[in-house]
Amino acid sequence: MKVHQVINSYDKKMGGAENIALIIHKHLIKKKINSSCFGLLKCDEIIEGCESASLKSPYSIKAFLAIKEYFNKNVKENDIVHVHLFPSIFYCSILKFFGATKSTLICTEHSTYNRRRKLFLGKLIDLITYNGYECIVAISKGVKKQLSSWIPNLKNKIFVINNGVDLKNKKLIIRSNKEENIKIVSVGRLEDSKNYSTTIQSFNKIKNLDFTWSIAGKGNLNEELLKQIKDLHLDKKIFLIGHIDNVWNLLKSSDIFLITSKWEGFGLAAVEAMNSSLPIIASKIDGLKNVVQSDPPCALFVNPNDIDDIASKITTLINSNNLRKKLGKNAFSRSKHFILKKMLDNYLNLYKKLNKTLN
């Protein structure tokens, strides 16, 4: 028996889903469980048990045929295939529908939203997509809520396993009192879902305050965002710093973490920030809200579509060192709810329920 992770790409620089798939794969190997990971897109990093089709896009007949070929060569009847992200989950479901595999399929839903929900045939596409799966793992209660609302008959198939993070900081980070040059940081790909353009407009309203905002991440909006920053004369305040290998050092040297996404399945970066004792400014949206909301609070919540609301909450934290410390302390405590071991144990237990040979 073997467990296969199938995903568009296993390059962890791509995002949270890719990182989670890779973490699960490496954990299974460590546990002496036969595991492999297959990605459609080219990945230059050589990783034990991983192979890629080296394609440029997952949206093509070549991508479907690549997964079909992988199944033909590697996937046996009693295997578990764990699939992440569209269109990989669509391709695998099609193979199951036409009897091309008798393996057990499960998938992880990583977001509260997808663009298919705006399409005329979107619901039909998703019905076909999820039909072939034994169970669907939602990475947060918010993800389960949104998917169940979109396709109600999936509700009994959906199980919540919160994402986990390898928490680097074992102790609360105490930051010195600071009233000048407040360092704000965001971590995430430069794409529409992260809402950077709207947030830049918010900063334009408070450009007189003493701050810098660094955005760590790469993506197709890089040039567009750079132009917006320059046009608003914010190029000495806002910096696109690209992908950062060691995000923990960046978080440790910052004062506020900002995540104003339009939609977010979980928010791994927010957990890393909380573990770095940073106060959070976050969108009040399903998924992210489930992770960051705590009692006592560790975050100020904003409407991601309201420029004035975002600007106001940023101003509040910039101007209050005491509030930053209070929220940061609460954030560190909250981060402990999302330890990596808990997530990995939950996935392994799920695999064991689906295949008794793992016990």
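Biologist: What makes Lys12, Lys13, Lys26 and Lys218 a patch of positive charge on the surface?

Modeller: Then the joining rule: patch residues have over 30% relative accessible area and no salt bridge, and like charges are joined within 9 Å, nonpolar side chains (Val, Leu, Ile, Met, Phe, Trp, Tyr) within 5 Å. Each charge is placed at NZ of Lys, CZ of Arg, CG of Asp or CD of Glu. Lys12, Lys13, Lys26 and Lys218 gather under these rules.

Biologist: What sort of model is this, and how are residues numbered?

Modeller: The model is predicted, so local features need pLDDT of at least 70 and side-chain atom pairs count only at pLDDT 80 or more, while totals for chains, interfaces and linings use all residues. Residues are numbered from 1 along each chain as its sequence is written, and side-chain values use heavy atoms, with hydrogens and water left out.

Biologist: Why is Lys12 called partly exposed?

Modeller: Buried means under 20% relative accessible area, exposed means over 50%, and partly exposed is in between (1.4 Å probe, protein chains only). Lys12 has 43% relative accessibility, so Lys12 counts as partly exposed. Lys12 sits in the loop between β1 (3–7) and α1 (16–30).

Biologist: How many helices and strands does the chain have?

Modeller: The chain has 13 helices and 13 strands. Both are DSSP runs, numbered from the N terminus: helices (H or I) of at least four residues, strands (E) of at least two.

Biologist: How do you know what a compact globule of 359 residues would look like?

Modeller: The globule rule is 2.2 Å times the number of residues to the power 0.38, with the radius of gyration taken over C-alpha atoms. For 359 residues that gives a radius near 21 Å; the chain has 21 Å, which agrees. The C-alpha trace spans about 65 × 40 × 40 Å along its principal axes. Of the 359 residues, 55% count as buried.

Biologist: What makes Asp192 and Lys262 a salt bridge?

Modeller: A salt bridge needs a side-chain nitrogen of Lys or Arg within 4 Å of a carboxyl oxygen of Asp or Glu. Asp192 and Lys262 meet at 2.7 Å, N to O. Asp192 is in the loop between β8 (182–187) and α6 (196–205), and Lys262 is in the loop between β11 (256–259) and α9 (268–275), so the pair ties together parts that are 70 residues apart in sequence. Asp192, at 38% relative accessibility, is partly exposed. Lys262, at 31%, is partly exposed too. The whole structure holds 13 salt bridges.

Biologist: Which residues are linked with Lys145 in a network of salt bridges?

Modeller: Lys145 is linked with Asp286 and Lys289. The side chains of Lys289 and Asp286 meet at 3.8 Å, N to O. Asp286 has a relative accessible area of 16%, so Asp286 is buried. Lys289 has 22%, so Lys289 is partly exposed.

Biologist: How far apart along the helix are Asp309 and Lys313?

Modeller: They are four residues apart in helix α11 (residues 307–318), which means about one helical turn. Asp309 is buried at 18%, whereas Lys313 is partly exposed at 23%.

Biologist: Which residues make the nonpolar surface patch?

Modeller: Phe120, Leu121, Leu124 and Ile128 make a patch of about 450 Å². Areas like this come from the Shrake-Rupley method with a 1.4 Å probe; for residues, only the protein chains shown count as cover. Leu124 lies in helix α4. Its relative accessible area is 46%, so Leu124 is partly exposed.

Biologist: Is Gly132 buried or exposed?

Modeller: Gly132 has 15% relative accessibility, so Gly132 counts as buried. Gly132 is in the loop between α4 (122–131) and β6 (135–138). Gly132 and Ile94 are 38 residues apart in sequence and 7.6 Å apart in space, C-alpha to C-alpha.

Biologist: Why is His233 called exposed?

Modeller: His233 has a relative accessible area of 66%, so His233 is exposed. His233 is in the loop between α7 (222–231) and β10 (238–242).

Definitions and conventions
Lys, Arg positive; Asp, Glu negative; His and termini not counted.
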